Amino acid sequence: MNITKLFHPLTRHEFLEHYLKGQPVVAHNIEGLEKLAAHPMLKSINSLIESWPTTVNAYQDGTADEVNSIAIPAKEALLLFNEKRCGLFFDDPNRFDPFIEELLQELRIDLGLSNLTYSRSLIYAIAKGKGTATHFDQNINFVLQMTGTKKWWIAPNKSVINPLVRHTLGHPVDPELESYSHSFPESMPEDATEYTLKPGSVLFLPRGCWHKTEALADALSLNFTYSAPSWLDLVSAAIRSRLVHSEAWRETADFVNDPELSPHAINKFDQLLNEFAKDAATWKASDILAATEQSSSAVGE
C-alpha cells in the first residue's frame with residue numbers, strides 16, 4: 001500500500017503538498033483493496049468479533065471517545081454494540097495479522113517516517129447515529145472506510161500547532177499541553193469542513209486537526225496511525241544516548257532542594273551544562289539521523 005494507490009489520481013508529490021500544509025485529503029473508490037475488504041476482521045461486526053482474540057474497548061456513557069472507554073471481552077462488546085449501540089474500537093489488529101502489519105509498514109515507509117515511529121492500526125465499529133466526540137490527535141492518521149457510511153467534520157486547530165498529546169473537549173488538559181497551547185473552543189469549531197466516507201473511501205487526517213464523526217449506518221473503518229518523533233524527540237534521544245556514558249551525568253542530582261547546599265548543586269550543574277554546550281556545538285544533524293535511522297528493527301519500539 002502506498003500514497004499513489006490510496007489517493008489516485010493525486011500523485012505522491014501532490015499528496016505531500018497537502019500533507020505539509022496540514023490539509024485533509026479524501027479519495028473514493030480505491031482500487032486494489034479486495035483482499036482487505038474480504039478480511040474476516042473487516043467484513044462485518046459479527047465476523048470481526050468472531051475472529052478477535054482479545055479484549056475490545058467500548059465507549060462508556062457520556063463522552064464517546066477512547067478517553068472514556070473500558071476493555072471488555074469480545075462477546076460482551078457485541079452485546080453492547082447491538083443493544084446499547086456503544087462504539088467499539090479494536091487495538092492493533094496488526095499484532096494478529098501479517099497482512100495488516102505489512103500494509104501498515106509499507107505506508108510508513110512510503111511517507112518517509114522515522115524508524116522510531118510508533119506505528120499502529122485500529123478498527124472502529126460505530127453504530128448508526130453514533131460517533132466519536134470532538135478531539136484532536138498527536139498522530140498522523142489514515143482512515144479506510146470498510147463498511148457503512150460515516151460523516152467526518154474536520155477543522156484547523158487554532159489553539160495549538162503540533163501537539164505532542166491528544167485532547168478531547170470537555171476533559172482535563174494535559175499539563176504540558178496546557179503550557180504551550182491557547183484556550184480551547186467549547187465545541188467543534190464553526191469553520192469545520194464536512195466529509196462523507198463510504199466503503200472504499202480513504203481519508204488522510206493531519207496531526208492536530210479537530211475532528212468528530214457520525215455513522216449514517218453501522219460502520220467499520222480501519223485506521224493506520226503514526227506517532228512519528230518530533231525534532232525534539234530526536235535531539236532528546238541523542239542527548240541521552242551521549243550523556244549516559246558519562247559518570248558525572250549519571251550521578252544523583254543531590255541537594256537541589258537543600259537551602260544550604262543548593263548553591264553547590266547549581267554550580268556543579270552549570271559546569272556540566274558548559275561542558276555539554278561545547279560538545280553539542282560539534283554535533284551534526286546527519287550524525288544523529290544516521291544513528292536513529294540506521295536500522296528498521298527500531299520500528300514501533
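Select Val202 and show its surroundings: not counting residues up to four places away in sequence, Val202 touches Leu6, Phe7, Val25, Val26, Ala27, Ile30, Val143 and Leu144. This is a predicted model, and Val202 belongs in it to strand β11, residues 202–205. With a relative accessibility of 0%, Val202 counts as buried.

Next, colour the nonpolar cores. Which residues have the most contacts inside the largest nonpolar core? They are Phe7, Leu36, Phe90, Phe142, Leu144 and Phe224, in a core of 47 residues. Helix α7 (residues 98–111) gives the most to this core, contributing six residues. A second, separate core has nine residues, among them Ala155, Leu177, Phe184 and Trp210. Go back to Leu36 and list its contacts: residues up to four places away in sequence aside, Leu36 touches Met1, Leu42, Phe99, Ile100, Leu103, Leu144, Met146 and Leu222.

Asn139 sits between β6 (131–136) and β7 (140–147). Is Asn139 buried or exposed? Its relative accessibility is 9%, so Asn139 counts as buried. Beyond its neighbours within four places in sequence, Asn139 is in contact with Pro206, Arg207, Thr225, Tyr226 and Ser227.

From β6, turn to the open sheet that contains this strand. The sheet has five strands in the order β9-β6-β12-β8-β10, with antiparallel pairing. Strands β9 (167–168) and β10 (193–197) stand at the edges with a single partner strand each, so one side of each has no neighbour in the sheet.

Move on to strand β2, residues 56–59. Val56 and Ala58 point one way from it, Asn57 and Tyr59 the other way, and all are buried. Strand β3 (residues 69–72) runs antiparallel to β2, and four bridges join them. Strand β4 (residues 88–91) is also antiparallel to β2, with two bridges between them. Centre on Asn57 to see both pairings: Asn57 stands opposite Ala71 in β3, and its bridge partner in β4 is Phe89.

Past the end of β2, select Asp61, in the loop between β2 and β3. At 63% relative accessibility, Asp61 counts as exposed. Its contacts, leaving aside neighbours within four places in sequence, are with Asn68 and Lys84. A C-alpha to C-alpha distance from Asp61 to Cys86 gives 8.3 Å, for residues 25 apart in sequence.

Then select helix α9, residues 231–243. Why does a span of 18 Å agree with its length? At 1.5 Å a residue, the 13 residues of α9 should span 18 Å, and the end C-alpha atoms are 18 Å apart. Leu234, Ala238 and Leu243 are buried in this helix. Look down the axis of α9: the buried residues fall within an arc of 150°, so they line one face of the helix. Show the partners of that face, as the buried residues of α9 pack against α10 (247–250), α11 (262–280) and α12 (285–292).

Finish by colouring the chain by pLDDT. The chain has a mean pLDDT of 93, and 97% of its residues reach 70 or more. Residues 295–301 stay under 50, and the model has 13 contacts for them beyond four places in sequence.

Conventions. Residues are numbered from 1 along each chain as its sequence is written. This is a predicted model: local features need pLDDT of at least 70, side-chain atom pairs count only at pLDDT 80 or more; totals for chains, interfaces and linings use all residues. Side-chain values use heavy atoms; hydrogens and water are left out. Two strands pair if DSSP finds at least two bridges between them. The expected span of a helix is 1.5 Å times one less than its number of residues. Buried means under 20% relative accessible area, exposed over 50%, partly exposed in between (1.4 Å probe, protein chains only). The arc is that of the directions from the helix axis to the C-beta atoms. Contact means heavy atoms within 4.5 Å. pLDDT is the predictor's confidence in each residue, from 0 to 100. A nonpolar core is a set of buried Ala, Val, Leu, Ile, Met, Phe, Trp, Tyr and Cys residues joined through side-chain atoms within 4.5 Å.
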